[in-house]
Amino acid sequence: MLSEKEVLHLLEETQAVLHGHFLLTSGLHSPMYVEKFNVLQHPEYTERLCKEIAARYADANIELVVGPTTGGILLAHETGKALGTRAIFTERENGKMTLKRGFQIPEGCRVLVVEDIVTTGGSVKEVMEVVREHGGNVIGVGLLVDRSGGKVDFGVRTEALLHLDVPTFKPDDCPLCHDGVELTKRGSTGKNNPVKK
């Protein structure tokens, strides 16, 4: 079983968890940034992380794994492979999460919902709603990173490989700004090759 320390090390090694001074999409500043695709671009690491999610639900008789586009597709595929189940994904159509491409969820099917990073949990809740609308039974949620600080509750068993409480600040209140620390360009740490093979 992978410990949270091991998961964090893997994410830092691949620069999926970056430390610095970041301007977030929300306009807030943070000393930490999570770029999931820095780890998901490595199939061997994605497989290893998804095997861990699968192992935590090995006794739950999961019949289908569902994830939202885009990162959730990779996680659903690898988790489904590890569990020996089908894996499908939801995507947005006119702003609404939906099932397309002929995907079916049999009535009463035992479903595991997977997602890469959760902050508010909105996307996961939408996926759960789609699964239930199609007759599926959501047994659990598997997450790569829960950065909500423990605030999200999906009402079902939830397993996160890593819990992060990521501090954010308004620019006027940012201690890094007060200390004169320049903003970090996302994905740039000055290392040429972060992953050692």
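**First stop: a strand inside**

Select residues 137–146, which make up strand S7: nine of its ten residues are buried, so the rest of the structure largely encloses it. Buried here means under 20% relative accessible area, exposed over 50%, with a 1.4 Å probe and protein chains only; strands are DSSP runs of E, at least two residues long, and helices are runs of H or I, at least four, numbered from the N terminus.

This is a predicted model, where local features need pLDDT of at least 70, side-chain atom pairs need 80 or more, and totals for chains, interfaces and linings use all residues. Residues are numbered from 1 along each chain as its sequence is written, and side-chain values use heavy atoms, without hydrogens or water.

Click Leu112 and you'll find its bridge partner in S7, Gly140.

**Two loops, two positive phi values**

Go to Gln15, in the loop between helix H1 (4–13) and strand S1 (17–23). Its phi is positive, about 65 degrees, though it is not a glycine. Is Gln15 buried or exposed? It is buried, at 8% relative accessible area.

Asn61, in the loop between helix H3 (43–56) and S3, also isn't glycine and has a positive phi, near 50 degrees. Asn61 is exposed, with a relative accessible area of 56%.

**Last stop: a cis bond**

Zoom in on Thr69 and Thr70: the peptide bond from one to the other is cis, with omega near 5 degrees. Thr70 sits in the loop between strand S3 (64–68) and H4.

Key:
Pairing = 2+ DSSP bridges.
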